Amino acid sequence: MLNQLDKKSKQDLRILCSDLRKSIKHKQDKDNSICKSLLESCLYDDARQILCYAALNDEINCDSIIMSALSDGKLVALPRCENKNGDMSFYYISCMDDVEIGHYGIREPKPHCPKVSNYENSIVIVPGYAFDKYGNRVGYGKGYYDKFLQNYAFISIGLCYNTFVVEKIDCDRFDIPVNYIFTDSRILECEKGE
């Protein structure tokens, strides 16, 4: 369905996906399948540190990834928007009680949480409305993740419903693609861009 919209602008895709995500059938089952797939992957096993996000209601809920990683003894960090200029940093949490509602209604680490200074051996889980086979994504249009990703070398992973993987998303020079996409029915190792 979304593949018919490959030539649409990011803003058009953002609006369409936002509407479609609110009516995903069997959302919890699909979210669980995506998270289970990631938790069973070598990418997860090999990572010392998991940089995740605390999902909004219509996003893929990855709380099970956060809880499993904490239980497995991994370091877990969530992002906090530092300002409206697209600056974002990750902060360690030890449980979900370390999280509060922050900018844009997003759950963020509380002020007492320590800031991550060493990103060695981390994977970063990146939210998005839609992704293409090259790892390009339609995010929320604020540029926080792109700005963050351009400064560090990570294995980056997009979580996405399979029906929201499109053939090609137009991107600009500031967009940073992810390396892998985990969906409810497959795992994609992203192709190199054209």
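How many aromatic pairs does the structure hold? The structure, a predicted model, holds eight aromatic pairs.

## Aromatic pairs

Tyr119 counts as buried because its relative accessibility is 11%, under the cut-off of 20%. Phe148, at 4% relative accessibility, counts as buried too.

Phe148 also pairs with Phe154, and here the rings are stacked, with 5.6 Å centre to centre and 15 degrees between the planes. Phe148 and Phe154 are both buried. Ring pairs join Tyr119, Phe148 and Phe154 with Phe90 and Tyr152 into a cluster.

## Charges over rings

Two tyrosine rings, those of Tyr44 and Tyr91, have a charged side chain over them. At Tyr44, the charged end of Lys74 sits over the ring, 4.8 Å from its centre. At Tyr91, Arg80 lies over the face of the ring, at 3.7 Å from the ring centre.

Three strands make up an open sheet with the order 8-7-10 and mixed pairing. Strand 8 (137-138) and strand 10 (165-166) are its edge strands, each of which pairs on one side only.

Strand 7 (residues 130-132) runs parallel to strand 10, and two bridges join them. Phe131 has Val165 in strand 10 as its bridge partner.

## Positive phi outside glycine

His26 is not a glycine, yet has a positive phi of about 60 degrees. His26 is placed in the loop between helix 1 (10-21) and helix 2 (27-39). Is His26 buried or exposed? His26 counts as exposed because its relative accessibility is 59%, over the cut-off of 50%.

Asn121, likewise not a glycine, has a positive phi of about 55 degrees. With a relative accessible area of 41%, Asn121 is partly exposed, whereas Tyr119 counts as buried at 11% relative accessibility.

Conventions:
Residues numbered from 1 in each chain as written. Predicted model: local features only at pLDDT ≥ 70, side-chain atom pairs only at ≥ 80, totals over all residues. Heavy atoms only, no water. Pairing = 2+ DSSP bridges. Helix = DSSP H or I, 4+ residues; strand = E, 2+ residues; numbered from the N terminus. Phe/Tyr/Trp six-rings, centres within 6.5 Å; stacked < 30°, edge-to-face > 60°. Buried < 20%, exposed > 50% of the residue type's maximum accessible area, 1.4 Å probe, protein only. Lys NZ or Arg CZ within 6 Å of the ring centre and 35° of its normal.
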